[in-house]
Every structure is written in C-alpha cells, then in structure tokens.
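Me: I am new to this structure and would like to learn how to read it. Please take me through it one feature at a time.

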Amino acid sequence: MKKTYKIDVDCANCANKMEEAAKATTGVKDATVNFMTLKMNVEFEEGADAKAVMQDVLKNCKKVEDDCEIFL
Amino acid sequence: MNKKQKKVLKRIIVAAVLLVIIGIAGSVVSIPKWLEFLFYLVPYFVIGYDILRKAWKGICNRQMFDENFLMAVATIGAIALGDYKEGVAVMLFYQIGELFQSYAVGKSRRNISDLMDIRPDYANIETDGQMEKVDPDEVEIGTVIIVQPGEKVPIDGVVVEGHSSLNTSALTGESVPREVAVGEEIISGCINISGLLKIRTTKEFGESTVSKILDLVENASSKKSRSENFISRFAHYYTPAVCYGALALAILPPLVRMLFMGLPADWGIWIYRALTFLVISCPCALVISIPLSFFAGIGGASAEGVLVKGSNYLETLAGTRTVVFDKTGTITQGVFEVCGIHGTNCASGSCPVVSGHPVYTKEEEQLLEYAALAECHSTHPISVSLQKAYGRKLDVDRVTDVQEIGGHGVIATVDGHRVAAGNDKLMKKEKIAYRNCSCTGTIVHLAVDGVYAGHILISDMIKPNAAAAMQALKNSGVHRLVMLTGDDDRVAQQVAGEVGITEVHSQLLPADKVSEVEKLLRTREEKSTVAFVGDGINDAPVLSRVDVGIAMGALGSDAAIEAADVVLMDDDPLKIAKAIRIARKCLRIVYENICFAIGIKLLCLFLVTIGIANMWMGIFADVGVMVIAVLNAIRALFVKKL
C-alpha cells in the first residue's frame, strides 16, 4: 500500500534526513521525501496499520529534525 | 514571503544594525573587552537563538552533525577566541543564506504550480433554468455542463450546443487556439475563449484529462535521479568528514609544533582555522541546488507541453543518442487522407504526387463525388477519408442499390450510373481492366458503368513537422534514428525517405518491435540511452522496455500517460528534440552546480588549512556558493528559447 502525505520542512538536507528516518521505521517498506513538492510517499509493509506506522514515522522524523511536520 | 520568513528578515535587520552600531562605537571610543563581549552577545542571540536551540536539541537526540550544530560550534568558538564580530557575522550571513534559499525555493514552487494552473474549481450545471456552481467531483457522466467564456473546461465531454475557440496552451504549450463546434470532443483543462459552450460529460472528474495530468505533474520528481542520490550520499559523508578534519586541524598541528619542532603551539590560530572548516562544512548549496535544478527543469518542460515523470528520466533523456520511432501516429498523422485523384488521362507509371491541398479538375471532382457517394453508408476509415475530401454534404437519395462486398469494396447506383469503388480484387471480380498507381498508399479504383474511370490515392499523411523534427534531433546529437512499423516495406521506405530516417524495420508485429528494440539496447554505446517514441496506443510493451519511453499526443490517450516516462502533450514531433535539449540544459546546470560547489568548498578548505583564508572566506564558501548555485538552478526553468 502506498500513501502520500503533505509535509512541511525548511531545508533540503532535513528532508533527506526525514526520508532516512521514515525508511528506518518499522512497517515502512520504502519512503521518499520530495523537498520541492513538500510531499512524502510512503510504501507500507503488508498488513501494517498505516495510521499507527505514520505516528511512529512522525516521531522519528521529529527526532532527526525538530522543525518538521507531517500532515496526517 | 510568508510569516516565518518575515520574522527572520526582521531579526536579520535588527542584528545587522546592532552589529554596525557596535562596530562603529568600538572604533570611536575604546570599550573594555568584557563590555564589548556583552554588547556583541545581543545581536548574536537576536540572530542565532533558534540555531542554538536546534543544535542543543540535535545533541539531545544524538543527531550531532547537522548544520545548526556546526554553526553553533563555529560561532561560539569564534566568540570564545575573542573574534566577536566574526562570530556574529557568520551567524548573520548563515541566516541570510537560509532566508534567501527558502525564498527562492518558495518562489519556484509557486512559479511552477502557476505554470500548471489548470485545476478547475467548479462546474456549472443548469437546474430549472438557473445556473448553479457545483464541485466537479459531483458531476455525473452524461450531465450537461455550461462553460462560459474565460472559464476552464472542468470535465471531458462532447459539445452539444454552441461553438467557441479554446486555449489549450496550459496543456500543450501550443498558443494557437483550437476551434470547437457541436459534436466535437473537448478535453478538460482548456480555457474557453469566446462563446458559451454546453458540454455533455463523457467522464467523471477523476478520470478526466485534467485530473490525470495534475496527478502526473504532482507526482513527478518523486523518482530521484542518480545525481540527487549521489548528493545525498555525499552530504552524508562530507559533513562528518569535515568535522573530524576540523578536530584534527585543531589538535594535530599544535601538538606537532610543540613536541617535534620546538615551536610555540599557537592553539588560537589552529582552532580558528578549525572553526572556519566547520563554517565551510555545511552541504546546503549542493543539497538544495540539485533537486531545485531538476524541479525547475521539469517545471519548465511542462510549460512547454512536455511532461517528465521524474528527475531520473530527465537524466536518461539527456543521454539519448538513439531515438526509435513508431510510424503511425508518430511520424504520420495516423489518419487517412486523399492525396491524389488520378483520372484516365493520367498515363500509367507517372501519377503525379501532390502535396498540400491540390485543386482538382472537373473530371477529378466528378470521380471523387462518385466515390464518396458510393461509400456514403460506410464508416470505414477509407470511406470517411473520401467523404472528408469531398467536403460537401452528401445527398444520400442519389444513391441506391448499395452492395458492400467485404474485402473488396462497394458497388452502388449513383444518379443512375453503376459505380464500382474498391481495390484491385473488386476490379478483377468485375472483369474491368485497371491500372496500378505508381505512388504508395491505399488505392481506390473506380469504374462507372463497367468502364475504368481512374483511381483515388489515399495515404496516411506525414506530419508537417516530421522532417524538421528529424533534422532537429540530428542537430542535437542524436545520431541514430530508427523507424519501426507494422506497415509494408514500400510505404515504410517512402515515409522514412521523406523525413530523413535511414534505418527502417517494417512488417513487424508488436512482439517483433520489442525484440528489435532489445537488439538496439544491446548494441548501443556505453552510457548512451535509447528512447522510443510512440503514440501510446499499442506501444506499451516497447515503451516500458526502453530507457525512456516517450508518448505523443497524450490528449485523449490514457494508455500513453500510464506507460510512458515522458509525455508530449501535443502531436508535434519537434517537441522530442526540444525535450532532449531541455534535459541537457538541466543536466548541464546540475553538473555545473556539483562541480562549482564541491570545487569551491575543497579549495577553501585547502586555503584555510594553509592559513590564507579566514572566516570571511568561509562564509563566502558556504552562503555565497549556495546563493550562486540556487540562482543557477533557477535557470533550468527558462527553456522557451531552447
């Protein structure tokens, strides 16, 4: 399952860090963050609960970049 | 500027003014060192409090090597060494750079979304004689919607009332308006210019052209190019490497001087150099300018009616050396047209080839009229082309006793004459002596009352720009042009000769096309890529097999939008060369930025190490390079004159 989320982040490197953090979250198969369009595409592992996983993704992203937001 | 940016701007101004005042005051009256320190702390905190906070949070979250941390260490270090002014200035310029970057990115985001501003906000429907605005999502198939002059067509449909001209430039980049009248299909996303139109919708909003294109544009550039991946990997190693380098620079040379050379350690000098290292170490310039270049390139291309589905495709497109074409619908128009009427006076073997819109003689007109009337009940593409060439309204009452013979043609009585119109098989069947045409194409022979009257040549027209497009491709460095077609060899060779393609493979089944393309993929040069151009209708397997699949004339063909990597919105083959040139320009800018930014940074690092450059140089290497790289990246947006 794939979903796209709007995000807000100020710098391109921070977007890269968010991408890494999202990829490392359990339940996420793959993730790409596009800084230019301010979007995060997340591909979930099979059977993963998207909502719960995204909460973790948000938490992990906040850890690497305090000043970011994912609009869930 | 948004709120956040305005706030930063205010802080920058306040800090800059304070810095200048303190600087002047310091040179006029002598201030004790401790007081000067306190004075400088004011602008420092005004400009840098958020950076310091973020750096602290980063340390808490064990995310040491981010630019906030680097800036915090460098500036605190400089202040600790007594270089108050430099410490504050580094922070100030860093913030100016960040503000500029955020403004430039925001601006280009808006620019590009303006270019593709085709999303309709509402649809007008008529209820009880009253016009009502509704959400396009709620309009069902078959509803009649009203589009007033100046409004966007929200949903695909067929015109049921009114005529007007449409501006399709947002979709195709084509500035000549398109005329539409009752019965014609019309695609969403166009802007109605002149008259009121009533349209019966044929699709839901979500399935309409405008939604599909918006979806495609919004999801473009989610596929990252090799350059972008290279840069994020580079940033990943570069920053820590420079930090350790700075640490080594601060500790090793003084130790060596002290222990082995018997010189004074000069800790202050080396720590200052190490701090300058940290200022340079921020990878911002690279990390922002590369995706920005691609984004601008994709945006500029879409304004020209070329949709690129991701920055990786822009990269592949730039390396194209071989372009493979499907004939029908790509080089030719894919619609049949009468291109010659050859009466009995036309001697065998020397039929004239006419291009453009010829003027026919009375005899030829008569021939066309007979053919069109005889075939007036048929909807076969050949018959349609005859009717279209005739141009006037057909009086069906003049035709009786129509007899259609499958695979042969039609025999009918027109104005009392027995007219036979069809291929050579029909002539043989009717035992009429006929003459073959010297031109290639589909031939409709005509016999009136059992006597041969001549033939009409029908062929697929070559697109007006096809030959120019091939030349443009050759000029832009594509040296191998190949045409693949399922058509017979004679037709294929003629078309290829006319447009200037030398390599032709004809009589291919769809599966053969794939194997031909695979052969080309195996024999291509190192690092060059193969592009395939098709109209997307039955080319999906080939489109997905090649390096870059380009679909033409996407308006109306969903399959093309799905299967291709690059979509040309209109039918113009000249856009292929343009797309390649746009991609080349974009890639050139990307490489310029990579080389420039990395080069300047390495140079500055070297100069700092040997003690030539100071912290001001470090600020230039960081902020200056970023500003230049961002401005250069925005150049990728301007592709109109390519």
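Me: How far can I trust the coordinates, and what does chain B average in pLDDT?

Reply: Where pLDDT is low, the predicted coordinates should not be read in detail. This is a predicted model. Chain B averages a pLDDT of 84, and 95% of its residues score at least 70. For the model, ipTM is 0.82 and pTM is 0.79.

Me: Which feature does UniProt place at residues 1-69 of chain A?

Reply: The unreviewed UniProt entry gives "domain: HMA" for that span. In the model, residues 1-69 of chain A are 41% helix and 30% strand, with the end C-alpha atoms 22 Å apart.

Me: How is chain B divided?

Reply: Chain B has domain 1 (123-215) and domain 2 (333-462). Between the C-alpha centres of these two domains of chain B the distance is 38 Å.

Me: Which residues touch the most other members of the largest nonpolar core?

Reply: They are B:Ile550 and B:Val566, in a core of 165 residues. Helix H20 (residues 574-609) of chain B gives the most to this core, namely 15 residues. Leaving aside residues up to four places away in sequence, B:Ile550 touches B:Ala531, B:Phe532, B:Val533, B:Ala564, B:Val566, B:Leu568 and B:Ile576. There is also a second, separate core of 33 residues, and B:Ala372, B:Val399, B:Val414 and B:Ala421 are among them.

Me: Why is strand S18 of chain B largely enclosed by the rest of the structure?

Reply: In a regular strand the side chains alternate between the two faces of the sheet. As for strand S18 (residues 480-484) of chain B, 4 of its 5 residues are buried, so the strand is largely enclosed by the rest of the structure.

Me: Which strands do bridges join to S18(B)?

Reply: Strand S11 (residues 320-326) of chain B runs parallel to S18(B), and 5 bridges join them. Here B:Phe325 stands opposite B:Met483. Strand S19 (residues 503-505) of chain B also runs parallel to S18(B), with 3 bridges. B:Leu484 has B:His505 in S19(B) as its bridge partner.

Me: How many residues of chain B are in contact with chain A?

Reply: The size of an interface is often given as the accessible area lost when the parts come together. Counted by residues here, 20 of chain B are in contact with 15 of chain A. On the chain B side, the elements giving two or more residues are helices H2 (33-60), H4 (84-115), H7 (226-259) and H9 (284-303) of chain B. The largest share of that side, 6 residues, comes from H9(B).

Conventions: Residues are numbered from 1 along each chain as its sequence is written. Chains are lettered from A and ligands numbered from 1 in the order in which they are written. This is a predicted model: local features need pLDDT of at least 70, side-chain atom pairs count only at pLDDT 80 or more; totals for chains, interfaces and linings use all residues. UniProt positions are given in the numbering used here, feature names are shortened, and annotations may be inferred rather than shown by experiment. Domain bounds come from an automatic or database domain assignment. A nonpolar core is a set of buried Ala, Val, Leu, Ile, Met, Phe, Trp, Tyr and Cys residues joined through C-beta atoms within 7 Å. A residue is buried if 20 or more other C-beta atoms lie within 10 Å of its own, exposed if 12 or fewer, and partly exposed in between; C-beta atoms are placed from the backbone. Two residues are in contact if their C-beta atoms, placed from the backbone, lie within 7 Å. pLDDT is the predictor's confidence in each residue, from 0 to 100. Two strands pair if DSSP finds at least two bridges between them.
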